[in-house]
Amino acid sequence: MKALVTGATGKVGHAIATALLARGDEVRALVRDPARAETMLPVDVELVAGDVTDPSSLPAAVTGCELVFNAMGIPEQWLADEADFERINAQGSANLARAAKKAGVRRFVHTSTNDVFHAEQGATFDESNVADYPKGTAYERSKQHAEELVLAERDGMEVVMTNPTGVYGPGPTSSHALENGLFEPLVKNKLPALVPGGLGLVFTNGVAAGHLLVADEAPDGERYILSDGYLSLKEIAEEVVSIAGRGRVPPVMPVPIARAFASVGEGVSRLIRRPPLLARGQLHFFQWQARADSSKAQRELGWRTTPIEDGLRRTLDSLGLL
């Protein structure tokens, strides 16, 4: 089977591409910079230059593929120009879905997020709780719109979705990733304070396994939450420091101080055109503290969660922090 993966140089897409190769599929990746991607992806991945925001570049990527895994997107909660969230996350997904349907792709697997659901602060939610109103940040709204646009292409092409929580584990990282922004600073005693709140976590290998199960088993039009469980940032810090056997757990910032820090940081970021250490949207998400229930994926697809302690240990080992 031949499959296209977008976002293959990111954590989720990279894990999907690797898992597809491991089971014997032919894998093609849509990449903006083939020279850079060549250093990051297995040699067996076929690279096609293109960009989801450029519809003319997409036919070459989707032609001949039975499956498309749309794992690209901007995961940050802050951009100098918020319109880029809509342009890339939403319109880019729509461009890819249209091209895939036109090329005769059988099934389109769209990587969304748990941010598209509704839940009161601290409550538990499942796939039945899709928010029917615009969420509070530009990132969240772009992911909501992406789902709507991709599902609109179901006529003639199967569309299924995953809704992962916070993804962590071995693989490509970036400045906003948990590995660089939390795990490493904790172990190296470089984190002065923790942000209040928490998030759901899901390990990279489990995310990849979940995507393949959704591609193979999910009924057309269905969605599945992928989450190993919820931890506060303080609980994550305690686990990381305990597993590493070094570092320290810093104090948690009071919520009013965290809000002021995020607001001031974004003001500075607008001047210097660089992301803030803590974006208001990111703090908004951490303060949500809602618990994603992944029992549907476990029950219907046989998906297995990864114990968070095991996932953190494997992640720290991959970072050379053990």
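**The sheet and its surroundings**

In this predicted model, seven strands form an open sheet with parallel pairing, in the order β3-β2-β1-β4-β5-β7-β10. The edges are taken by β3 (46-49) and β10 (223-226), each of which pairs on one side only. On average, neighbouring strands of this sheet are turned by 20 degrees against each other, direction ignored. Strands of a sheet pair through backbone hydrogen bonds, either parallel or antiparallel.

One pairing can be followed residue by residue. Strand β4 (residues 67-70) and strand β5 (residues 107-111) run parallel and are joined by four bridges. In this part of the sheet, N70 stands opposite H110 in β5.

Helix α4 (residues 83-102) lies across β1 (2-6), β4 and β5, and runs at about 170 degrees to β5. Helix α7 (residues 204-217) lies across β4, β5, β7 (158-164) and β10, at about 150 degrees to β5.

Is S227 buried or exposed? S227 counts as buried because its relative accessibility is 3%, and the cut-off for buried is under 20%. Not counting residues up to four places away in sequence, S227 touches T165, G200, L201, V202, A292, S294, W303 and T305. With one of these residues, T165, the side chain of S227 makes a polar contact of 3.3 Å.

**Charged pairs**

The count of salt bridges comes to 18. Among them is the pair K2 and E26, whose side chains meet at 3.9 Å, N to O. This pair links distant parts of the chain: K2 is in strand β1 and E26 in strand β2 (residues 26-31), 24 residues apart. K2 counts as partly exposed because its relative accessibility is 21%. E26 is also placed in the partly exposed class, because its value is 48%. The limits of that class are 20% and 50%.

Another salt bridge sits within a helix. The side chains of D84 and R87 meet at 3.2 Å, N to O. Both residues lie in helix α4, three residues apart, which is about one turn of the helix. D84 has a relative accessible area of 22% and so is partly exposed; R87, with 40%, is partly exposed as well.

A further salt bridge joins E184 and K188, with the closest N and O atoms 2.8 Å apart. Both ends of this pair are partly exposed: E184 because its relative accessibility is 27%, and K188 because its relative accessibility is 38%.

Technical notes. Residues are numbered from 1 along each chain as its sequence is written. This is a predicted model: local features need pLDDT of at least 70, side-chain atom pairs count only at pLDDT 80 or more; totals for chains, interfaces and linings use all residues. Side-chain values use heavy atoms; hydrogens and water are left out. Two strands pair if DSSP finds at least two bridges between them. Helices (H or I, at least four residues) and strands (E, at least two) are DSSP runs, numbered from the N terminus. Axes are lines fitted to C-alpha atoms, for helices over the stretch in contact, and angles run from 0 to 180 degrees between N-to-C directions. Contact means heavy atoms within 4.5 Å. Buried means under 20% relative accessible area, exposed over 50%, partly exposed in between (1.4 Å probe, protein chains only). A polar contact is a pair of N or O atoms within 3.5 Å; within protein, one must be able to donate a hydrogen and the other to accept it, and residues adjacent in sequence count only if both atoms are side-chain atoms. A salt bridge is a side-chain nitrogen of Lys or Arg within 4 Å of a carboxyl oxygen of Asp or Glu.
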